[in-house]
Amino acid sequence: MYKIHEIKGHIQSIYIFEYKDKILLADCATKADMLKIEHYIVNKIGRKMGDIKLAMVSHMHPDHAGLASAFQKKYNIPIVSHPNVNDWYRGSFGKLQHFIDVLLAWYVSIKMKNPPKLMWYPSKLKPNYVLEDGAPLPYFNDWQIIYTPGHTSHDISLYHKQSKTIYLGDVILKLKNKYLLPMPITLPGLMKKTLNKLSEIEIENLLLAHGGRVTIEQNKSFFYNLIEQVGEKKKGIFKFINLISLFSPCIRKLENID
Ligand SMILES: [Zn+2]
Ligand SMILES: [Zn+2]
């Protein structure tokens, strides 16, 4: 089996799944997190960065894809993502969305009273593996990809059946002891489908990028109850964030099938 480590990153948690002979990294953090991750792997658990055999990008936001290309260049770590990742920031509207998303990440870090750090990162990803829903991970075939869109068009989660554990990226957040859906929900119809799908999977342990590790008892009702939040009207800053998160060109493409 494996051991789970949670690193508190700049604005999100990073999860390390440590095996005797290899390490799997759940999400590629912000651009500001490299030293933290290197320090943890080398000094805290006494492993090498080269032990990381695979890193996943749950979606293209700055706190999840920030270090992907740096990991590839510096350590040759292969990256796995959903096939559609590069639709998200495509074209001039996509570039605008990328710029806005980096600004939003800065806003979150200021709100969290973190020292300001550079978070600019490439808007395109060159994944070594692209995997569809249900596919097992290369090198780690005890884990499988679950396609969980709604927050973006291309969110993926990592599911470990044997331990009933799932890394959910930004699909669900836990803030001030409350479970919330992400900000923004760009594709509400797909978000509902995702929550329905998760309610059918045997899950006990949730690993959240924003909210840490959680154990749930009734997974059917847990995910089902969250569906009510999908249509809720947002106010103030949350309404504003939703409005400035709708530039990605593939939202228009997907809303028809939503
Ligand atoms: Zn996100
Ligand atoms: Zn996030």
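Student: How do β1 and β2 pair?
Tutor: Strand β1 (residues 3-8) and strand β2 (residues 13-18) run antiparallel over 6 bridges. Strands are DSSP runs of E, at least two residues, and helices runs of H or I, at least four, numbered from the N terminus; two strands pair if DSSP finds at least two bridges between them. The two form a hairpin with 4 residues between them.

Student: Which residue is the bridge partner of I7?
Tutor: I14, in β2.

Student: What are the ground rules here?
Tutor: This is a predicted model, where local features need pLDDT of at least 70, side-chain atom pairs count only at pLDDT 80 or more, and totals for chains, interfaces and linings use all residues. Residues are numbered from 1 along each chain as its sequence is written, chains are lettered from A and ligands numbered from 1 in the order in which they are written, and side-chain values use heavy atoms, leaving out hydrogens and water.

Student: OK, metals. What coordinates the zinc ion (ligand 2)?
Tutor: D63 (OD), H64 (NE2), D170 (OD), D170 (OD) and H210 (NE2), at 2.1 to 2.6 Å. Donors are N, O and S atoms within 2.8 Å of the metal (3.2 Å for Na, K and Ca); water is not among the atoms, so sites may look incomplete.

Student: Which residue bridges to the zinc ion (ligand 1)?
Tutor: D170 bridges the two zinc ions, which lie 3.9 Å apart.

Student: Are H64 and H210 buried or exposed?
Tutor: Both are buried, meaning under 20% relative accessible area; exposed is over 50% and partly exposed in between (1.4 Å probe, protein chains only).

Student: Where does K22 sit relative to F140?
Tutor: Its charged end is over the ring, 4.7 Å from the centre. The criterion is NZ of Lys or CZ of Arg within 6 Å of the ring centre and within 35 degrees of the ring normal.
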